[in-house]
Protein chains: 2
Amino acid sequence: MVSRPTLASLAEQLGVSRQTVSNAINAPERVRPVTLERVRELISASGYRPNSAARQLRTRRSRNLGFRLFPSEDGINGAVMDRFLHALTERLQEYDYRVTIFAAPDVDAEIETYGELLETSDLDGFILTDTRQDDPRTGWLMDRGVPFVTLGRPWSSDDGACPYPWVDIDGSAGTAEATNYLLEKGHRRIGFLGWPEGHETGRDRHAGWQTALSPYLGARELDSLSVGVADGIREGAAGALTLLANGATAVVCASDSLALGASEQFRAAFPDRPPAVIGFDDTPVAAAVGMSSISQPVEDAAGKIVEIMRTMLDDSPNPTKPPRHLLLPPRLVLRDGGGLLASPSAA
Amino acid sequence: MVSRPTLASLAEQLGVSRQTVSNAINAPERVRPVTLERVRELISASGYRPNSAARQLRTRRSRNLGFRLFPSEDGINGAVMDRFLHALTERLQEYDYRVTIFAAPDVDAEIETYGELLETSDLDGFILTDTRQDDPRTGWLMDRGVPFVTLGRPWSSDDGACPYPWVDIDGSAGTAEATNYLLEKGHRRIGFLGWPEGHETGRDRHAGWQTALSPYLGARELDSLSVGVADGIREGAAGALTLLANGATAVVCASDSLALGASEQFRAAFPDRPPAVIGFDDTPVAAAVGMSSISQPVEDAAGKIVEIMRTMLDDSPNPTKPPRHLLLPPRLVLRDGGGLLASPSAA
């Protein structure tokens with residue numbers, strides 16, 4: 001009896017790595033065309049069929065992608081991720097894909113669930129969010145040849161060389177635009193109200209403010225105008241008091257929760273004009289209270305992620321591969337602080 | 001060669017309907033114990049195994065439930081459904097169940113997707129929301145013996161006799177409590193700001209206000225104090241103007257969007273006191289602006305739905321069946337209108 005061809009035997013016959021054969025099946029765009037053709041010919045000639053123990057190598061698609069649903073912390077900032085999930089589900093639906101969502105208390109549990117889902121639910125791949133530096137999830141999935149796209153860059157020293165595809169929103173460009181807008185309005189002592197150190201997204205949003213403001217203020221002044229607090233309305237109000245004490249006349253914030261707290265303090269400190277406070281995420285709360293905010297194009301991000309995923313799953317007729325690393329610019333939504341019925345005004 | 005037993009041949013041998021055999025496998029609590037035992041004995045003796053063409057009759061569980069994700073219309077009122085989805089996912093995760101979400105433009109497309117998902121993704125059942133009178137989805141699922149629970153009552157003449165399980169939130173009790181609170185505060189001309197006719201949820205919320213207020217006002221007065229508009233902040237503001245013109249001093253609203261618009265008008269009409277406006281859903285926006293609102297216990301509803309679903313899937317060791325029809329009371333969350341940093345105060 002001739003033994004069934006396996007991934008390993010195919011790799012040996014071709015003189016390529018197991019990963020290359022896996023990629024030829026799961027992520028053909030990662031394999032050089034010449035190699036791809038050789039692998040495909042041998043697969044076809046050998047009668048190789050992925051078995052259930054090597055389910056990640058299946059060619060049959062379940063048209064179902066996995067997604068970890070993070071708990072929404074204060075109901076304000078979580079809104080942007082819920083918006084992303086709605087957009088992702090709707091874009092995927094256009095191509096008859098569904099999303100399997102799950103909860104996990106931490107990254108280890110998330111990875112464990114990947115394993116269970118691949119085993120039991122036959123998923124085609126995963127969409128990851130909340131990427132961190134040295135994220136253990138991406139390596140785990142790559143080792144197993146499981147297709148995935150992240151909303152969030154790898155935060156490595158060279159994100160462009162990243163071996164897996166990602167789409168992210170350029171938070172730094174957003175806070176720089178907000179800071180430049182406040183500079184144009186005549187402000188110089190513009191504060192930054194962010195989170196404590198150690199959070200990549202927070203560092204990125206801080207960087208845009210710093211870059212835009214550093215032609216105007218020295219390092220010591222910049223230091224005194226940057227405050228990091230836990231996310232929340234009350235925390236934002238407390239942080240804003242520090243900034244006001246240090247002479248800030250305006251503030252760019254890392255979230256709408258922080259900005260809501262800051263707005264109250266800036267309104268009290270400068271009662272004769274709308275608070276010069278800009279939030280981040282353009283949540284429904286910001287719109288309702290007439291607060292300016294930086295809007296993340298999560299609908300566009302979802303569309304790009306779906307394009308990339310379809311190419312990885314060999315499901316796209318598009319001969320032009322979409323770019324695999326994309327940083328999308330956010331948009332500054334200006335409002336006059338005039339309250340619930342105020343219309344957004346153009347920049 | 002002996003032909004394989006099928007659902008139909010089992011039903012014929014037992015002299016019961018095909019549906020009864022299906023129920024014995026998928027929803028054993030719907031079958032009389034004596035019949036259940038007969039069906040199970042024959043299934044066991046016959047070597048019957050559900051095949052893929054009769055996938056809905058499988059005994060192997062995918063531990064995956066389907067859920068249609070509705071688009072969030074204005075980002076304010078959708079928050080409560082997103083809260084429900086988070087809670088549902090987390091409660092199900094405790095028992096190793098996942099949720100497969102999908103988008104659908106309408107109910108027909110939703111039903112079509114049920115069929116596809118049962119065929120391709122091997123789902124154990126569905127959680128339905130946004131139930132309407134004569135909802136075609138529930139009949140479709142019952143006809144096929146597919147387990148499901150709805151968040152939302154059937155809105156029939158006798159919801160307690162409904163053949164399928166549902167959990168709902170007693171909107172009428174919520175608006176009655178809000179109206180009674182305003183009555184205690186000395187208001188009599190309390191308006192109701194709801195949606196146009198034809199929406200069961202809207203009618204329910206209207207009914208609570210009407211019941212609480214009818215001992216104090218005549219039918220004509222009640223009529224003049226009830227306005228139905230499309231959901232939205234601006235629409236709420238317009239509706240509130242009508243109510244103010246008709247002498248309203250306070251208003252109970254069917255949504256927080258409507259209440260946000262009404263708040264602005266009531267603040268302008270009664271500048272010396274916080275607006276006597278109560279919203280519905282206790283969204284993050286209501287909390288941020290210090291607006292009172294009726295809070296739906298969607299986390300409790302998710303927990304109850306999971307209990308019922310586990311019993312239906314024969315996955316619960318609990319010998320006491322949970323009640324299959326549950327109307328949960330909402331809670332009035334009072335706030336002083338004092339703005340972003342105001343704490344919620346007890347009733």
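Reply: This is a predicted model. Start with the layout. Chain A is divided into domain 1 (7-47), domain 2 (64-169 + 298-329) and domain 3 (171-296). The centres of domain 1 and domain 3 of chain A lie 52 Å apart, taken over C-alpha atoms.

Next, the relation between the chains. Chain B superposes on chain A by a rotation of 179° with 0.0 Å of shift along the axis, at an RMSD of 0.3 Å. That is how a two-fold axis relates copies. Both copies use the same surface: 100% of the contact residues of chain B recur in chain A.

Strands of a sheet pair through backbone hydrogen bonds, either parallel or antiparallel. Take one pair from chain B. Strand S3 (residues 125-128) and strand S4 (residues 148-151) of chain B run parallel and are joined by three bridges. One residue pair can be named: B:Ile127 has B:Val149 in S4(B) as its bridge partner.

A helix covers part of this sheet.

A:Arg63 sits in the loop between helix H3 (33-46) and strand S1 (64-68) of chain A. Its phi is positive, about 55°, although A:Arg63 is not a glycine. A:Arg63 counts as partly exposed because it has 19 C-beta neighbours inside 10 Å, and a buried residue needs 20 or more. B:Trp155 lies in the loop between S4 and strand S5 (166-169) of chain B. Phi of B:Trp155 is also positive, near 55°, and B:Trp155 is not a glycine. With 18 C-beta neighbours inside 10 Å, B:Trp155 is partly exposed too.

Beyond this sheet, look at another strand pair. Strand S8 (residues 250-253) of chain B runs parallel to S9(B), and two bridges join them. B:Val251 has B:Val277 as its bridge partner in S9(B). In a regular strand the side chains alternate between the two faces of the sheet. Strand S9 (residues 277-280) of chain B is covered on both faces. B:Val277 and B:Gly279 are on one side, B:Ile278 and B:Phe280 on the other, and all are buried.

The largest nonpolar core has 164 residues. Those with the most contacts inside it are A:Val251, A:Cys253 and A:Ile305, along with B:Val251, B:Cys253 and B:Ile305. Follow A:Cys253. Leaving aside neighbours within four places in sequence, its contacts include A:Leu193, A:Gly236, A:Leu258 and A:Ala262. A:Val277, A:Ile278, A:Gly279 and A:Phe280 are also among the contacts of A:Cys253.

How values were computed
Residues numbered from 1 in each chain as written. Chains lettered and ligands numbered in written order. Predicted model: local features only at pLDDT ≥ 70, side-chain atom pairs only at ≥ 80, totals over all residues. Core = buried A, V, L, I, M, F, W, Y, C linked by C-beta atoms within 7 Å. Buried ≥ 20, exposed ≤ 12 C-beta atoms within 10 Å, placed from the backbone. Contact = placed C-beta atoms within 7 Å. Pairing = 2+ DSSP bridges. Helix = DSSP H or I, 4+ residues; strand = E, 2+ residues; numbered from the N terminus. Domains from an automatic or database assignment. Least-squares fit on C-alpha atoms with pLDDT ≥ 70 in both.
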